[in-house]
Amino acid sequence: GFPPHPSKDCAYILSMFNDISYDPESIIKKACDILSKIINCTVIFAVPPVFESVVRDIKLVKVGLRTVVLLLITSSGMIQNQVFNCSFEVNNSILNMFKIALNEFRGKNISFLNIEMDKILFARETKDIVMIPAFEAVLRAVKKSCQTHVEIKGEKFLFDFQNFQKAFKILDLLQTKEFSDFIFSSINSLKIYLGSDCNIYNTEMDVFSDCSIIVKKYDIGAYQGAIAVIGPTRINYSDIVAKISYIAEVVRNMFLEIMNL
């Protein structure tokens, strides 16, 4: 169930999510987009890499005659999806064959697979041509799990209260590892930074001197995502915090639904 929310935006947020399928990335993109529109601020969703986790499950969902979505779920609760196409029609027995073949990855460490996957593929290519698309999809999902993923929407709102030069500097900084480290450095699940608070963390951060940054973390099992909102220092904090918290809960619920497919 979704949490109660004190505003009309609640119904709007839920209605926007009606068409999202088995794709965590598009859920995050959509959430980012909706949130920036209803609060008129720049919104960043960040997902840390999961080197230390293992493959908990691999699910396959047939979405077309020859098209399959592969969902790689790690022990930390992160989900990566990859679509792959086969040169033949996929029926249930082929889907089962894929599932059995992909069982060998369960329990394997993500960073081990990141290094070894090319070799595993090479060994397969000579024997088992039918399985290659599924194995390549696993490889892509593993590689993606080892990267920090940052989604940014509503960049234009920065230009409303910053000069051009500073706004571009901030946009560059949002893409860096320093910024995602900064987001995840807070031990609280909700933290509000006012301009100069950011400098303490990193001198690069002085571009935020007349911004406020609200960071909300959300957990799905041991997996953590974070949402950051950047706006002017005069914003309606309680309203924005309520909306961020609500959308974090919606995203969390959608991820849990995918995991329980």
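# Legends to close-up views of the predicted model

**Figure 1. Buried face of helix 3.** The buried residues of helix 3 comprise Ile-94, Leu-95, Phe-98, Ala-101 and Leu-102. When helix 3 is seen down its axis, these buried residues fall within an arc of 125 degrees, so they line one face of the helix. The face turned away from this buried side carries the exposed residues Asn-92 and Ile-100. Cover for the buried residues of helix 3 includes strand 2 (55-62), strand 3 (67-74), strand 4 and helix 5 (132-145). As in every view described here, the model shown is predicted.

**Figure 2. The aromatic pair of Phe-84 and Phe-98.** Nine aromatic pairs are present in the structure. In the pair shown, the ring centres of Phe-84 and Phe-98 are 5.5 Å apart and the ring planes stand at 90 degrees, so the pair is edge-to-face. Phe-84 belongs to strand 4 (residues 79-85) and Phe-98 to helix 3 (residues 92-102), so the pair ties together parts that are 14 residues apart in sequence. Phe-84 has a relative accessible area of 3% and is buried. Phe-98 also counts as buried, at 0% relative accessibility.

**Figure 3. The aromatic pair of Phe-182 and Tyr-193 and its surroundings.** The rings of Phe-182 and Tyr-193 have their centres 4.7 Å apart and their planes at 45 degrees, so this pair is tilted. The pair links distant parts of the chain, with Phe-182 in helix 8 (residues 177-185) and Tyr-193 in strand 6 (residues 190-194), eleven residues apart. Phe-182 and Tyr-193 are both buried. Together with Phe-179 and Phe-208, Phe-182 and Tyr-193 form one aromatic cluster. The ring of Tyr-193 also has the charged end of Lys-191 sitting over it, 5.2 Å from the ring centre.

**Figure 4. Gln-80 in strand 4.** Which residues are in contact with Gln-80, leaving aside its neighbours within four places in sequence? They are Leu-70, Leu-71, Leu-72, Ala-141, Lys-144 and Ser-145. Gln-80 lies in strand 4, the strand that also holds Phe-84. With a relative accessible area of 9%, Gln-80 is buried.

**Figure 5. Backbone of Asn-40.** Asn-40 is located in the loop between helix 2 (24-39) and strand 1 (42-47). Most residues other than glycine have a negative phi. Asn-40 has a positive phi of about 55 degrees, although Asn-40 is not a glycine. The relative accessible area of Asn-40 is 48%, and Asn-40 is partly exposed.

**Figure 6. Glu-136 in helix 5.** Glu-136 is found in helix 5, which is among the elements that cover the buried residues of helix 3. Is Glu-136 buried or partly exposed? At 33% relative accessibility, Glu-136 counts as partly exposed. Between Glu-136 and Asn-109 the separation is 27 residues in sequence and 17 Å in space, C-alpha to C-alpha.

**Figure 7. Ser-245 in helix 10.** Ser-245 is found in helix 10 (residues 237-259). Its relative accessibility is 27%, and Ser-245 therefore counts as partly exposed. Ser-245 and Lys-108 lie 137 residues apart in sequence, and their C-alpha atoms are 34 Å apart in space.

**Figure 8. The whole chain as context for the close-up views.** Ten helices and eight strands make up the secondary structure elements of the chain. For 261 residues, a compact globule would have a radius of gyration near 18 Å, and the value of 20 Å for the chain agrees with this. The C-alpha trace spans about 60 × 40 × 30 Å along its principal axes. Of the 261 residues in the chain, 49% are buried. Among contacts between residues at least 6 apart in sequence, 63% join residues at least 24 apart. The accessible surface of the chain comes to about 12300 Å², and 53% of this surface belongs to carbon and sulfur atoms.

Definitions and conventions. Residues numbered from 1 in each chain as written. Predicted model: local features only at pLDDT ≥ 70, side-chain atom pairs only at ≥ 80, totals over all residues. Heavy atoms only, no water. Phe/Tyr/Trp six-rings, centres within 6.5 Å; stacked < 30°, edge-to-face > 60°. Helix = DSSP H or I, 4+ residues; strand = E, 2+ residues; numbered from the N terminus. Buried < 20%, exposed > 50% of the residue type's maximum accessible area, 1.4 Å probe, protein only. Lys NZ or Arg CZ within 6 Å of the ring centre and 35° of its normal. Arc of directions from axis to C-beta. Contact = heavy atoms within 4.5 Å. Rg over C-alpha atoms; globule rule 2.2 N^0.38 Å. Areas by Shrake-Rupley, 256 points an atom, 1.4 Å probe, with all protein chains shown as cover.
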